[in-house]
Structures are given as structure tokens and as C-alpha cells.
Amino acid sequence: MTRKELLEKYYDMEMNNAFCYSATYMMNSPKKGYEREWREAKERADILKELLEECD
């Protein structure tokens, strides 16, 4: 497994978490009561995406 593959796996996991905590399929708003979890998952996904872009 490469560093990029590992980052992709973690990115996919965080995007899945964000999706699960989202109120809509567009993932633009959290479910009621899951605001913190949604925001944190989105933040982690954003950081992982930046790291993946640096690998290219």
C-alpha cells in the first residue's frame, strides 16, 4: 500500500462519515444533533484532500 492509497482510504472514510451525519445527499447541512460530528468529519476530509493533492 502506498501513502497515497492510504490517504485515499482515510479520505473515503471521512467522506462517508460526513455523509452519514448529513441531512441531505448534497452534504451541505448536518442532521439535527450531529452538527459537531458533521463539521469535524468535513474538516478532516478537507485536510486529507489537501494532502492527497500534495502527493500528485
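Leu 6 has a relative accessibility of 33% and counts as partly exposed, where buried means under 20% relative accessible area, exposed over 50%, and partly exposed in between (1.4 Å probe, protein chains only). The model is predicted, so that local features need pLDDT of at least 70 and side-chain atom pairs count only at pLDDT 80 or more, while totals for chains, interfaces and linings use all residues. Residues are numbered from 1 along each chain as its sequence is written, and side-chain values use heavy atoms, with hydrogens and water left out.

Leu 6 is located in helix H1, residues 3-20; helices (H or I, at least four residues) and strands (E, at least two) are DSSP runs numbered from the N terminus. Together with Met 1, Tyr 10 and Met 13, Leu 6 forms a nonpolar surface patch with about 430 Å² of accessible area in total. Accessible areas come from the Shrake-Rupley method with a 1.4 Å probe, and for residues only the protein chains shown count as cover. Patches are made of residues with over 30% relative accessible area and no salt bridge; like charges are joined within 9 Å, and nonpolar side chains (Val, Leu, Ile, Met, Phe, Trp, Tyr) within 5 Å.

Four salt bridges are counted, the criterion being a side-chain nitrogen of Lys or Arg within 4 Å of a carboxyl oxygen of Asp or Glu. One of them pairs the side chains of Glu 14 and Arg 44, with an N to O distance of 2.9 Å. Glu 14 lies in helix H1 and Arg 44 in helix H2 (residues 35-55), so this pair ties together parts that are 30 residues apart in sequence. Glu 14 is buried, at 12% relative accessible area, whereas Arg 44 is partly exposed, at 37%.

Other salt bridges involve Arg 36. Between Arg 36 and Glu 37, the closest N and O atoms are 3.5 Å apart. Relative accessibility is 45% for Arg 36 and 22% for Glu 37, and the two residues count as partly exposed. Arg 36 also forms a salt bridge with Glu 40, at 3.4 Å from N to O. These two residues, Arg 36 and Glu 40, are four residues apart in helix H2, and are therefore separated by about one helical turn. Glu 40 is partly exposed, with 26% relative accessible area. Through salt bridges that share partners, Arg 36, Glu 37 and Glu 40 are joined into one network.
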